[in-house]
Amino acid sequence: MPRSILFEISRILNTGLDMETLSICVRLCEQGINPEALSSVIKELRKATEALKFFYFIFEVWEPELSTIYKAAENMTS
């Protein structure tokens, strides 16, 4: 099935996956990765990402000076 059709189905189902991520997931499944396990991993990664966003928000509100230092250090390692 063409990737564009899979992406449209993904969009209709509101998966939140972009074309690149969807393509990676499809390739992993084609290589034998369990789709349900892959789905669980993606859900856990999303939860962790949201928790980090919340952490950064709290960090900026309560420690704005440290937040600036942390971001500068983070940019140096990226």
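Predicted model: local features only at pLDDT ≥ 70, side-chain atom pairs only at ≥ 80, totals over all residues.
The protein has four helices and zero strands, and its elements, taken from the N terminus on, run α-α-α-α. Of its 78 residues, 12% count as buried, and when we take the contacts between residues at least 6 apart in sequence, 19% of them join residues at least 24 apart.

I would like to begin with the packing of the helices. Two packed helices are described by the angle between their axes and the distance between the axes. Helix 1, which covers residues 3–12, packs with helix 2, residues 19–30, at an angle of about 110°, and their axes are 10 Å apart. Angles of 65 to 115 degrees count as roughly perpendicular, and helix 1 and helix 2 are therefore roughly perpendicular to each other. As for the residues that make this contact, helix 1 contributes R3, S4, L6, F7 and S10, while helix 2 contributes M19, L22, S23, V26, R27 and E30. Sorted by class, the contact of helix 1 with helix 2 is made of five nonpolar, three polar and three charged residues.

Is S10 buried or exposed? With a relative accessible area of 5%, S10 is buried, because the cut-off for that class is under 20%. Leaving aside residues up to four places away in sequence, S10 touches T15, L17 and L22.

Now to the charged side chains. Side chains of opposite charge can pair when their charged atoms come close. How many salt bridges does the count come to? The count comes to two. In one of them, the side chains of R11 and E8 meet at 2.5 Å, N to O; R11 and E8 both lie in helix 1, three residues apart, which is about one turn of the helix. E8 is partly exposed, at a relative accessible area of 34%. In the other, the side chains of K47 and E44 meet at 3.4 Å, N to O, and K47 and E44 both lie in helix 3, three residues apart, about one turn of the helix. K47 counts as exposed at 53% relative accessibility, whereas E44, with a relative accessible area of 47%, is partly exposed.

Finally, a point about the backbone. Most residues other than glycine have a negative phi. N14, however, has a positive phi of about 55° although it is not a glycine. Where is the place of N14? N14 sits in the loop between helix 1 and helix 2, and at 66% relative accessibility N14 counts as exposed, because the cut-off for exposed is over 50%.

Notes: Residues numbered from 1 in each chain as written. Heavy atoms only, no water. Axes fitted to C-alpha atoms, helices over the stretch in contact; angles between N-to-C directions. Helix = DSSP H or I, 4+ residues; strand = E, 2+ residues; numbered from the N terminus. Parallel < 35°, antiparallel > 145°, perpendicular 65-115°, else oblique. Contact = heavy atoms within 4.5 Å. Nonpolar A, V, L, I, M, F, W, Y, C, P; charged D, E, K, R; others polar. Buried < 20%, exposed > 50% of the residue type's maximum accessible area, 1.4 Å probe, protein only. Salt bridge = Lys/Arg side-chain N within 4 Å of Asp/Glu carboxyl O.
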